[in-house]
Amino acid sequence: MNNIMIGRFVPGESLIHRLDPRTKMIGTFIYIFVMLWANNWQTYLWSAVFVVGLIKFTGQPFKLYWDGLKPIFWLILFTVILQLLFTPGSPVLWHLGPLSVTVPGVVNAIYVMVRFVLIILMSTILTLTTPPTSIANAIESLLRPLKKIKVPVAELALMLSIALRFVPLLMDETQKIMNAQKSRGMSFSTGGPIKRAKAIIPLLIPLFVGALQRALDLANAMEVRGFKDAVQRTRYRILHYERNDYIAFFTIVFFVIIFFGIKIVTGF
């Protein structure tokens with residue numbers, strides 16, 4: 001089974017699970033926006049402490065989140081290497097032609113890696129504690145004012161929800177196909193780059209066909225159930241804020257105040 005966690009929902013009864021999905025989405029967006037302003041180790045440390053605290057409140061083991069980082073390790077590594085080799089400055093630690101490793105490059109590489117990890121962890125907290133249907137309802141509720149300018153809010157929310165739900169499904173399907181191909185003697189890790197690229201073709205074709213079949217099955221299932229997004233529908237679960245949601249909003253505000261307070265104190 002693939003370890004990717006973004007897009008998965010793990011049932012639970014934690015405080016984070018019981019929050020309104022709109023509260024979690026707004027909190028996640030605010031956190032990601034604030035992280036764009038982090039530029040010293042104090043702000044990154046405070047942001048990390050905040051995320052670790054939230055993970056503790058989810059009631060899920062930290063190893064679950066750590067395993068979720070493994071599938072995107074190479075993406076993070078690639079970004080870090082770019083920052084490491086192409087950030088100008090001095091003193092220069094290593095130099096070879098147009099490539100150089102500088103002290104600012106090392107610092108930026110570390111900051112970029114930490115930023116990636118924290119943003120992914122925060123996004124994983126949202127998806128692990130919120131069912132896809134609740135995410136769709138939250139998106140539709142938050143974007144409802146756009147209906148006044150004829151934006152198809154319901155359709156957008158449905159597409160985002162389906163896309164988010166299909167990410168782990170497609171990753172699991174990819175792993176199953178790879179295991180099936182390996183059992184038939186196929187190797188994805190040996191040979192040169194050209195051979196490895198050719199080995200991906202037997203993987204992509206069944207994955208593409210399977211994705212189309214899943215989409216067709218989903219469309220048929222929605223059609224036979226009379227699903228029509230353009231029609232005003234009643235809902236089984238009505239979203240409403242409770243006391244814990246207001247406490248969560250206060251916690252987010254507290255995080256933002258401390259974050260920018262640290263920036264002011266440190267002179268950044």
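Visitor: What percentage of the 268 residues of the chain count as buried?
Guide: This is a predicted model, and its chain has 268 residues. A residue is called buried when its relative accessible area is under 20%. By that criterion, the buried share of the chain is 35%.

Visitor: How many helices and how many strands does the chain have?
Guide: Read from the N terminus, the elements follow the order α-α-α-α-α-β-β-α-α-α-α-α. The secondary structure therefore comes to two strands and 10 helices.

Visitor: Are α2 and α6 roughly parallel or roughly antiparallel to each other?
Guide: Helix α2 covers residues 21–35 and helix α6 covers residues 103–128, and their axes come within 10 Å. The axes cross at roughly 175°, and angles over 145 degrees count as roughly antiparallel. The relation of α2 and α6 is therefore roughly antiparallel.

Visitor: Which residues of α6 are met by residues of α2, and how do the residues of this contact divide by class?
Guide: On the α2 side stand Lys24, Met25, Gly27, Thr28, Tyr31, Ile32 and Met35. These meet Arg115, Leu118, Ile119, Met122, Ser123 and Leu126 in α6. By class, the residues of the contact of α2 with α6 are two charged, three polar and eight nonpolar.

Visitor: Is alanine 38 buried or exposed?
Guide: Alanine 38 sits in the loop between α2 and α3. Beyond its neighbours within four places in sequence, alanine 38 is in contact with Thr43, Tyr44, Arg115 and Phe259. Its relative accessibility is 3%, and the cut-off for burial is under 20%, so alanine 38 counts as buried.

Visitor: Which residues of helix α4 are buried?
Guide: Helix α4 spans residues 62–69. The elements covering its buried residues include α3, α5 and α6. The buried residues themselves are Tyr65, Asp67, Gly68 and Leu69.

Visitor: Which helix gives the most to the lining of the second largest pocket?
Guide: The second largest pocket has a volume of about 410 Å³, and among the 21 residues that line it, Ile16, Leu19, Leu54, Ala248 and Thr251 are the closest to its centre. By class, the lining has 14 nonpolar, six polar and one charged residues. At least two lining residues come from each of α1, α2, α3, α6 and α10. With six residues, the helix that gives the most is α3.

Visitor: What distance separates the C-alpha atoms of glutamate 13 and threonine 58?
Guide: Glutamate 13 lies in the segment before α1 and is exposed, with a relative accessible area of 66%. Along the chain, glutamate 13 and threonine 58 are 45 residues apart.

Visitor: What is the value of phi of lysine 150?
Guide: Lysine 150 is found in the loop between α7 and α8. At 75% relative accessibility, lysine 150 counts as exposed. Its phi is positive, in a residue other than glycine, with a value near 65°.

Key: Residues numbered from 1 in each chain as written. Predicted model: local features only at pLDDT ≥ 70, side-chain atom pairs only at ≥ 80, totals over all residues. Heavy atoms only, no water. Axes fitted to C-alpha atoms, helices over the stretch in contact; angles between N-to-C directions. Helix = DSSP H or I, 4+ residues; strand = E, 2+ residues; numbered from the N terminus. Parallel < 35°, antiparallel > 145°, perpendicular 65-115°, else oblique. Contact = heavy atoms within 4.5 Å. Nonpolar A, V, L, I, M, F, W, Y, C, P; charged D, E, K, R; others polar. 1 Å grid on protein atoms, 1.4 Å probe; cavity = no way out; pocket = protein on both sides within 12 Å on 5 of 7 lines; lining within 4 Å. Points joined across faces, edges and corners; volume = space filled by probe spheres on them. Buried < 20%, exposed > 50% of the residue type's maximum accessible area, 1.4 Å probe, protein only.
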